[in-house]
Every structure is written in C-alpha cells, then in structure tokens.
Protein chains: 2
Amino acid sequence: MKIAIDGMGGDNAPAEIVSGVIKALEEFKDIEFYITGPEESIKKEIAKNNYSGNNIIVIDAKEVITTNEHPVMAVRRKKDSSLCKALNLVKEGICDAVISAGSTGAFLAGCTFIVGRIKGIKRPALAPVMPGKNGSFIIVDAGANVDSKPEYLVQFAHMGKEYYKGVLNGENPSVGLVNIGEEAEKGNDLTKESFKLLSEEKLNFVGNIEPREITKGDVNVIVCDGFTGNTILKMYEGTASTIMKVIKEEVMASGIVSKIGAVLLKPVFNNIAKRFDYKEYGGAPFLGVDGICIKAHGSSDARAFKSAIKQAKIFYDNKVLDKIKENI
Amino acid sequence: MKIAIDGMGGDNAPAEIVSGVIKALEEFKDIEFYITGPEESIKKEIAKNNYSGNNIIVIDAKEVITTNEHPVMAVRRKKDSSLCKALNLVKEGICDAVISAGSTGAFLAGCTFIVGRIKGIKRPALAPVMPGKNGSFIIVDAGANVDSKPEYLVQFAHMGKEYYKGVLNGENPSVGLVNIGEEAEKGNDLTKESFKLLSEEKLNFVGNIEPREITKGDVNVIVCDGFTGNTILKMYEGTASTIMKVIKEEVMASGIVSKIGAVLLKPVFNNIAKRFDYKEYGGAPFLGVDGICIKAHGSSDARAFKSAIKQAKIFYDNKVLDKIKENI
C-alpha cells in the first residue's frame, strides 16, 4: 500500500507528522509513504527520527495552505502546496490513500476538486469516529455539507454503513437519523422526508435518534446534515471539556479531604481520558470521494497521526471503497 | 399577581404541582393561584398539603392532554383539558401568567392558538435558561420553530435580550449566533443571512459562537433555529449524563483506593450537581406570545415547579412582556 502524507498540515507539522509516519512504519513495514512538503524540512525531520529505510519518499512542495485561507481559493491557487501535491498522488493513481491534518475546509475542497467524487455520489461527507459509553459510533455528515437534501442523507447512511462494517468491524450496523423527537412525523422538512426515504432502504434503520441518546453509543451510524453533525461533534467536545474543568475547579475550591479524594481517583480519570481519547480513534474519513481520504485532527501528535495511518490501512485492506461503489 | 397552573401537566401531576404551588405560597404570600384539573383530585392534593388559605382557586377541568397526542389536534379538541383551561385564564385576562409541566408541543400550540402572539412577532420561541461554567445562558429558540428564517432569528435575539435583562439581571447581555465556524461567511444559508441582519441591529452582538464554546457560559443569549437549539439542549443533557455514568462505571470497576477516593470526592460532586441542577433554574419561557407562559420541566417535582413560579413572578414584576413589546 502507498499512502500520500500532507507533511505540512496541522498544528504540529512537519515534526509530529513525520514522526507519526515513522512510528507507523515500525508496525506496518510494507507501507510506502510519500510525504509532501519543503524537501529540506521534511528530510531534516526524517533524519531527526534516525530513519534510514527506503519506505519514505519526499515529494517537494514549496507552498503551505493555512487554516486562515479561503479553502476553495487556496486549493485552486496553490498548486504547489503540500496538500494539493498529496491529493494529486491519489488522483494520478500513484498512492492508494491520502492523509492530512491541515485545514478541514481546504482538505474537503481539495478532495472534491482533485480526487473527485465517486460516480453517482451527490455529496461526499465527513464521518469521524466518536467514542460512546457503550461503543464507538460515526457521524455522517459532520460538516462537509451545511445545507443538505434528503437524498444526500440516504447516501450518507449507505456510505456510513459500509465504513462502519469495514473499518470498525460491526456486522449489520444500526443507522439512526438525528431528530428532535422519536416519532416519524417529528422534526423539520429535511428529517421528515429523510425518515421516509431511509425507511425504504436496505439498511438496519432504527428510526430517529434524539441527540440526548447519541453519546450512549448504542446506535452505530448517526446520519444528519453537516450543520447538525458539526454542532453535535462540537457540543460533545465542549460539554465534556466544561464538565472536566468544573470538576477541577470544584476540587481546587474544596478542602483537603476532597483533594485527597481527587488524588486517589486519578487512575479512574486516566481510564476515562483513555476511553475518550480521540488520538486512539484516528481521523475522519471523507466518504464519497474516489479515494481513501482521511482528515486527521488538526492538533495531531505522532500517536494520533499513526492512528490515522492505521485507519487508512484497514480502509484499504477491507476494500471499503469498492463496497461503497457497489452500493451506489 | 394571578397565576394559572395546569394542574395535570407533567410526570408527577397533580401531586408535585400542587405541592410546588403551596411551597411557593410560603415565600410569595400575595400570589393567587388558579389550578386547573379534576376538581376532586386537585382538592385532595391541597388537603394533603394541609393548606387551608384562600390563595388557591380550583378550576374544574375534566380532560388531560398527554405527551402522546398530536399537539395541535389535542389543543383543538380538548377544550375541557387542564391545559386549555389554564391558557384561557390568561387569554381572558383573569390571570397574568400560566405554567405547565405537560406536553411541550401541546403547550406551544396552545399558547400560540389561545393566548396568541404579540403583534409584530413572526414566531414565538422557547428560551430555556441553562447553566454554563462561567454563568447562565439562554438558548432562543430551543425547539418551537424547526424551520426558521433569518428575520425570526433577529426577533429571537431581541426577545432573548429583554428576557435576560429582566429575569436574569444581566446588563447589556451579549448575543451570539450559533454557527460552525467563527467567521461571518461560515455556515449555512440561514446563518450567513442572519449574521448580516444581526450585525445591523441595536444589540450587543458578539458574532458567531461555535457549539464548542456555548457551555462555557461566556455568551448570555444564544440564538439559533429551533432544530439546532433543541439539538444543543439535548446534547448538553446527554453528554453530561454519559460522562457522569462513565465516571460511576469506572469507579465501580476499580479497586478499593479509587472507591475511597470517590467517597471523599462526594461533596465536590454534590456541588457540581447543584451548579447544574435544572430544578433551580425554573422552566423555559415561551417568548413572543402575549402573556407570561412558562413551560416547566416534564419531570418537575415540587421544588422545580416552585422555581418556575418564581421565574413567572420576576417576569411579571420586571415588566419583561412590556419591554419585549416596546422593542418590536
């Protein structure tokens, strides 16, 4: 397998990106990596990691796309950017997958314009894996399509199902439609029509799922428009962070007994942090484009980036792309 | 002040509703209550609470609207329901406010059809008060209007501002538009247009607020369409509940040291529960209808219902309804 890596994408590029690639090579010795970016910088990072094997090829790219740029403009203008060069490697069939921790907007635009959609797919969708209390789930779409139509949501459901089956090892994954009420007639124009369409599809469709139930992790594939999906994702992160901060605040403001309690509970909190650690979950696949395209977290360190590489490998090994194509 | 009470609304009606009214009377001796419901049942509850004063008038209502009924149908057909009778008391000018812990859908429909909108208000909106890390905030709209237009959101902002000022004592409250990105050009058609309109209004408009920031509580009035608002509300509840359950799970699965830690930390968790206790926050006002209409939580006990009564009283004392009308 050959993977194109945007060497300059993310808050910790190129150091953590290159380091993540080399960590991955310890486990997956057969993967060949094509890292894009300013040749000297990338080679310096490779040397720092004492890597001297033949599985990394550096592709020189002089420009970098930042998160402050207009995504579409940036992709159109900066042909010599690390992102565009990585995407082109997939387009030209040189690589089987591409991973970037850079600007989400630019990545989505670049995947769509350069790699291109699968024939028949109306809108590709971002599908991050999230930790739930009773298991992982994916949200499709988590932000690629802010205005969606019912027929898009049906495709999101099928793509999400294939991804969940292939990468997360779930047999016959359950699919739920995000809605503010359980009954079929609840919700807005989009959800009412989507409910009807989804009911007629060959899916393990469990009906509407209220946002209150999502984090339990009992439903595997959560389908919604990108605005709602992104809101869910960010409310999940924000609420979790708020609660953890409030616990800390209250411990700091309390007496010695509670402080001792907090020390004794440290292993429990460490376990929880591990259960909910996005770094273990890899990145978000962009489903519906004609290639394996993974958006790693912007703040990825080497370990998180390695998880995204592993995810791309499972995606490839289990032929998820072919299965999505067969299903359209 | 005279308050109409839907004596049969909510999971714990009529017992906790009547008990909440009597608790409120201990503090607010001048309020007169009109409780609707089957006369005998309500009177039995009053007797159980050993109340023998003159501030409660029972209005017989033989029907009850349940949460399983179609809201609009139920309000139209069940004229003799405890909800409709309570709403009519406000419509006829006998009462200054109405509170119900019953079906949200039926309450919203009833307020709109029976009490009626304020002249000039396009869509009334539900505006629950939520606890944030650094302070309380309100979400307008939290579920009354699943499909919204930019001009509705502008009215939500003004009504929210007046409510926050009048009831939560905030001078010049900040107003944020929920969006999946901070920049003005981010989001869907609704948020892009709403951003423009809100920027031109006489408001302390702080721009877009990402869902990740909401629970911090730094922005006072959170404006969005009802589908998004309801999603935020339920993600907040669901995530908080999931995290608390995961902490419990991990403590139960851990050794004796962590269990002792959990016992020592009990006061801290109690403080947190208190900070985030909806029972202290009252209900959600339905803003934009021509009366003080408060939706109490469906699972309200006497204490929660008393908070909703207190909220109605502050709403009334501070003439928030007049201020909303002046602002339209």
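Two residues are in contact here when heavy atoms lie within 4.5 Å. The contact between the chains takes 54 residues from chain A and 54 residues from chain B. The model is a predicted one, in which local features need pLDDT of at least 70, side-chain atom pairs count only at pLDDT 80 or more, and totals for chains, interfaces and linings use all residues. Residues are numbered from 1 along each chain as its sequence is written, chains are lettered from A and ligands numbered from 1 in the order in which they are written, and side-chain values use heavy atoms, with hydrogens and water left out.

The next topic is area. Buried area is the accessible area (1.4 Å probe) that two parts lose on being put together, summed over both. Chain A and chain B bury about 4,900 Å² between them, and 70% of this is on carbon and sulfur atoms. On the side of chain A, the residues that lose the most area to chain B are Ile180(A), Phe227(A) and Met235(A), which together make up 14% of what that side buries.

How many salt bridges does the rule find across the interface of chain A and chain B? The rule asks for a side-chain nitrogen of Lys or Arg within 4 Å of a carboxyl oxygen of Asp or Glu, and it finds 10 salt bridges across this interface. One of the salt bridges joins Lys133(B) to Glu249(A), with the closest N and O atoms 2.9 Å apart.

Which elements supply the side of chain A that touches chain B? Helices (H or I, at least four residues) and strands (E, at least two) are DSSP runs, numbered from the N terminus. Those giving two or more residues to this side are helix H7 (189-199), helix H8 (211-214), helix H9 (226-252), helix H10 (256-264) and helix H11 (266-275) of chain A. H9(A) gives the most, with 22 residues. Sorted by type, the residues of this side are 25 nonpolar, 17 polar and 12 charged. In this sorting, Ala, Val, Leu, Ile, Met, Phe, Trp, Tyr, Cys and Pro count as nonpolar, Asp, Glu, Lys and Arg as charged, and the others, Gly among them, as polar.

The two chains can also be laid on each other, by least squares on the C-alpha atoms of residues with pLDDT of at least 70 in both. A turn of 180° and a shift of 0.0 Å along the axis bring chain A onto chain B with an RMSD of 0.0 Å. The two copies are therefore related as by a two-fold rotation axis. Gly261(A) is the residue of chain A that comes closest to this axis, at 1.9 Å (C-alpha). Because 100% of the interface residues of chain A are also interface residues in chain B, the copies meet through the same surface.

Aromatic rings come next. Rings of Phe, Tyr and Trp (its six-membered ring) pair if their centres lie within 6.5 Å; planes under 30 degrees apart count as stacked, over 60 as edge-to-face and the rest as tilted. The count comes to six aromatic pairs over all chains. The rings of Phe137(A) and Tyr236(A) have centres 6.4 Å apart and planes at 20°, so this pair is stacked. Phe137(A) lies in strand E7 (residues 136-140) and Tyr236(A) in helix H9 of chain A, so the pair ties together parts that are 99 residues apart in sequence.

Some backbone details remain. The peptide bond from Val140(A) to Asp141(A) is cis, with omega near 10°, and Asp141(A) lies in the loop between E7 and helix H6 (150-167) of chain A. Lys319(A) is not a glycine, yet has a positive phi of about 50°.
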